[in-house]
Amino acid sequence: MSWMIYGANGYTGELIAREAVARGMTPILAGRSKAKVERLAHELKLECRIFDLDSTAGIAAQLKGLKAVLLTAGPFSATSQPMVQACIQAGAHYLDITGEIDVFEQVFRRDADARKAGVVLCPGVGFDVIPTDCVAAALKEALPDAVELHLGFDTTVSLSPGTMKTTLESAPQGGRVRRDGKLIHVPLAHEVRRIDFGRGERLAVAVPWGDVSTAFHTTGIPNITVFVPGSRVSIFGMKLGNLFGPLMKLPAVQRMLAALVTKTVKGPDEVARAGMPAYVWGEAINARGERRIARVKTSNGYSLTIPGSLAVLNHLLTHDAPAGFTTPSRLVGSNLLSQLPGGADILID
């Protein structure tokens, strides 16, 4: 069955395309960069299509007859909405590797339209958010009456250009958490605590990670916060960012930062990725104060995103799935992480 990787010319898109071919899969490669997409398609002996995302009708025409689309081109705040609309029009399942809270919520709002069209919408099929989503689902199973959920991860992997641009774009929006079932804005670094993610207790800081959206849709737990390790210097810098947020929102500043990232940031190579595991942690608490803690060690974000996205894609190609919005663990199961190369069983205390 035909499917497409849109954004195959990007760092992560190319890695996924190469692994797909190694598995005997034949995706159609697509993107806006004609030279890069055609060069990769020629090397991998795959069909390619060159188009931008300016016209929903134009995108839908390119998707006609496809079973699914995996969107790897960011920033997803700009690329997701037109692709979701085109997938609904064309009857193609939609997947992406975003970690952006607002994108998850925008896709969720298309749930009813997707159901009518018989289309599955499953954003976040990479490291954002497969490991933490599976941890959230496992904790919900272990403590069904949990009312509070804390998630987090510890990794030293460097960022790709696309991920760095997305991070800079979202930084001026400040922090986000879920309280009483609602997403609320909070200052950056509004909560600091010590956490053992899996390699010893470390100082950790709350961050606006995608799980404050997806983990709620997966578990229904009404209060969710996500943490990552942070030095005292970095935490101080985040708090300073609360003061300079309005400046970073300026289009001219964002363009300058994006250009700087393009010139200076390169994604980690295969050797670097192999030496950068991730430690994923979660904590569920119920109204009586009972607590369950989960930990799992995985490969780094990029190395896990490759098989993770292909596993969810393959599930959609080979299984019937309820139409509408879903999350990776809801679609495939909370044991998805243990089935991936570089994944493992989640251990719950």
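Trainee: Is Glu 19 buried, partly exposed or exposed?
Mentor: This is a predicted model, so its values are computed ones. Glu 19 has 29%, so Glu 19 is partly exposed.

Trainee: Which residue does Glu 19 meet in a salt bridge?
Mentor: Side chains of opposite charge can pair when their charged atoms come close. Here the N to O distance is 2.9 Å.

Trainee: How many residues apart in helix H6 are Arg 115 and Asp 111?
Mentor: These two form a salt bridge, with their closest N and O atoms 2.8 Å apart. Asp 111 counts as buried, at 16% relative accessibility. H6 covers residues 111–117, and the pair is separated by about one helical turn because the spacing is four residues.

Trainee: Asp 349 and Arg 295 form a salt bridge. How many residues apart are they?
Mentor: Their closest N and O atoms are 3.3 Å apart. Asp 349 counts as exposed at 59% relative accessibility, while Arg 295 counts as partly exposed at 26%. Asp 349 sits in the segment after strand S16, and Arg 295 in strand S14. The pair links distant parts of the chain, and the separation is 54 residues.

Trainee: How far apart are the end C-alpha atoms of helix H4?
Mentor: H4 runs over residues 76–90, and its buried residues include Met 83, Ala 86 and Cys 87. With 15 residues at 1.5 Å a residue, the helix should span 21 Å. The model agrees with that, because the end C-alpha atoms are 20 Å apart.

Trainee: Which residue follows H4, and what is its phi?
Mentor: Most residues other than glycine have a negative phi. The residue after H4 is Gly 91. Its phi is positive, near 75 degrees.

Trainee: What is omega for the cis bond joining Asp 128 and Val 129?
Mentor: Val 129 is found in the loop between strand S6 and helix H7. The bond to Val 129 is cis, and omega is about 20 degrees.

Trainee: Is Ala 189 buried or exposed?
Mentor: Ala 189 has a positive phi near 60 degrees, though it is not glycine. Its place is the loop between S9 and strand S10. The relative accessible area is 5%, so Ala 189 is buried.

Trainee: And Asp 180, buried or exposed?
Mentor: Asp 180 also has a positive phi, about 55 degrees. It lies in the loop between strand S8 and strand S9. At 67% relative accessibility, Asp 180 counts as exposed.

Trainee: What is the accessible area of the nonpolar surface patch with Phe 236, Leu 240 and Leu 243?
Mentor: Phe 236 lies in helix H10. At 52% relative accessibility, Phe 236 counts as exposed. Together the three residues have about 320 Å².

Trainee: Which residues does His 315 contact, leaving aside neighbours within four places in sequence?
Mentor: His 315 is in helix H13 and counts as buried at 14% relative accessibility. Its C-alpha atom is separated by 7.1 Å from that of Val 332, 17 residues apart along the chain. The contacts are Leu 331 and Val 332.

Methods:
Residues are numbered from 1 along each chain as its sequence is written. This is a predicted model: local features need pLDDT of at least 70, side-chain atom pairs count only at pLDDT 80 or more; totals for chains, interfaces and linings use all residues. Side-chain values use heavy atoms; hydrogens and water are left out. Helices (H or I, at least four residues) and strands (E, at least two) are DSSP runs, numbered from the N terminus. The expected span of a helix is 1.5 Å times one less than its number of residues. Buried means under 20% relative accessible area, exposed over 50%, partly exposed in between (1.4 Å probe, protein chains only). Patches are made of residues with over 30% relative accessible area and no salt bridge: like charges are joined within 9 Å, nonpolar side chains (Val, Leu, Ile, Met, Phe, Trp, Tyr) within 5 Å. Accessible areas come from the Shrake-Rupley method with a 1.4 Å probe; for residues, only the protein chains shown count as cover. A salt bridge is a side-chain nitrogen of Lys or Arg within 4 Å of a carboxyl oxygen of Asp or Glu. Contact means heavy atoms within 4.5 Å.
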